[in-house]
Amino acid sequence: MGFLEGKKILITGVASNRSIAWGCAEAMHRAGAEIALTYQNEKLKSRVEEMAGKCGSDLVLPLDVGSDQEIESMFKALAERWDGLDAIVHSIAFAPREQLEGDYVDAVTREGFSAAHDISSYSFAALAKASRPLMAGRNGALVTMTYLGAVRAVPNYNVMGVAKASLEANMRYLAASLGPQGTRVNAVSAGPIRTLAAAGISDFRDMLKKVEERTPLRRNVTIEEVGNAAAFLCSDLASGITGDVLYVDTGYHILG
Ligand code: 0WD
């Protein structure tokens with residue numbers, strides 16, 4: 001029996017078969033969970049439906065986290081199929097492309113800052129808020145995806161690092177708030193992985209190379225490895241863990 005047998009898990013942020021969210025979906029399906037996926041826009045709908053099929057799921061719902069109305073409708077539609085929800089994976093981030101290159105002070109703007117924080121951080125709280133009735137009393141779990149740029153000034157990551165710092169603090173406040181109802185809230189800090197979102201970061205290839213040369217395990221991490229860690233955090237195996245950041249980055253964060 002898989003360690004997620006009987007769990008109903010909503011996974012956001014699948015955009016391609018390279019997405020970290022897809023690594024999570026496959027790992028959680030392997031561990032026996034029932035999966036629902038969301039897609040950001042109509043362009044992604046058929047691709048995400050096809051991918052859900054590979055996880056034995058036909059529960060695929062639209063969700064743009066920039067809209068409170070879409071968040072509400074998505075949970076309403078989910079509640080028509082599922083009597084409760086055990087876990088949510090938040091694997092969503094956005095910053096305007098021009099924010100993600102060059103000097104931070106030159107690049108940052110009020111609009112860029114606001115959009116990055118809204119979509120990459122607030123949305124996690126918005127999902128926690130809207131899912132509260134479905135998750136209450138179930139030993140539930142929320143997991144989000146963060147990056148080392150939250151705690152270090154990583155070249156070109158710029159305002160996204162500031163938004164990730166916000167996301168990590170957000171995760172801790174959510175953990176304190178939702179703990180009494182039995183919901184745990186954690187973050188996985190993934191090493192760099194070549195995905196659609198990563199393609200927007202200037203010099204991303206150099207980042208991958210630098211990690212490979214220096215990190216303790218001398219290689220980059222995979223979406224399967226991040227997915228396995230997220231699966232663990234969503235499971236009862238992690239029942240004593242909340243408010244934490246789990247680094248899944250082949251050890252890069254320990255380096256001076
Ligand atoms: O190196 C990396 N790839 C790392 C990513 C290292 C550490 C953390 N992360 C984080 C990202 O910051 C993000 O939070 O992991 C999460 C998932 O990112 P990903 O798997 O690298 O990227 P991708 O496959 O592109 O999925 C992110 C998706 C978006 O894709 P695009 O290609 O449009 O950026 O997030 C979704 C979208 O589908 N997304 C939204 N979903 C709903 N509503 C929204 C939105 N408003 N905006 C973006």
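Modeller: Here is a walk around the ligand site, starting with the ground rules. This is a predicted model, so to speak: local features need pLDDT of at least 70, side-chain atom pairs count only at pLDDT 80 or more, and totals for chains, interfaces and linings use all residues. Numbering runs from 1 along each chain as its sequence is written, and side-chain values use heavy atoms, with hydrogens and water left out.

The ligand is surrounded by 27 residues, counting any residue with a heavy atom within 4 Å of it. The closest are S19, I20, K164, I193 and T195. By type, that shell splits into 17 nonpolar, 8 polar and 2 charged residues; here Ala, Val, Leu, Ile, Met, Phe, Trp, Tyr, Cys and Pro are nonpolar, Asp, Glu, Lys and Arg charged, and the others, Gly among them, polar.

Now the polar contacts, meaning pairs of N or O atoms within 3.5 Å. T195 puts a polar side-chain atom 2.5 Å from a ligand oxygen. I20 uses its backbone instead, with an N or O atom 2.8 Å from an oxygen of the ligand, and a backbone N or O of I92 lies 3.3 Å from a ligand oxygen. As for cover, the ligand taken alone exposes 870 Å², and the protein buries 89% of that, with areas from the Shrake-Rupley method and a 1.4 Å probe.

Technical notes
Polar contact = N/O pair within 3.5 Å; in protein donor to acceptor, adjacent residues only side chain to side chain.
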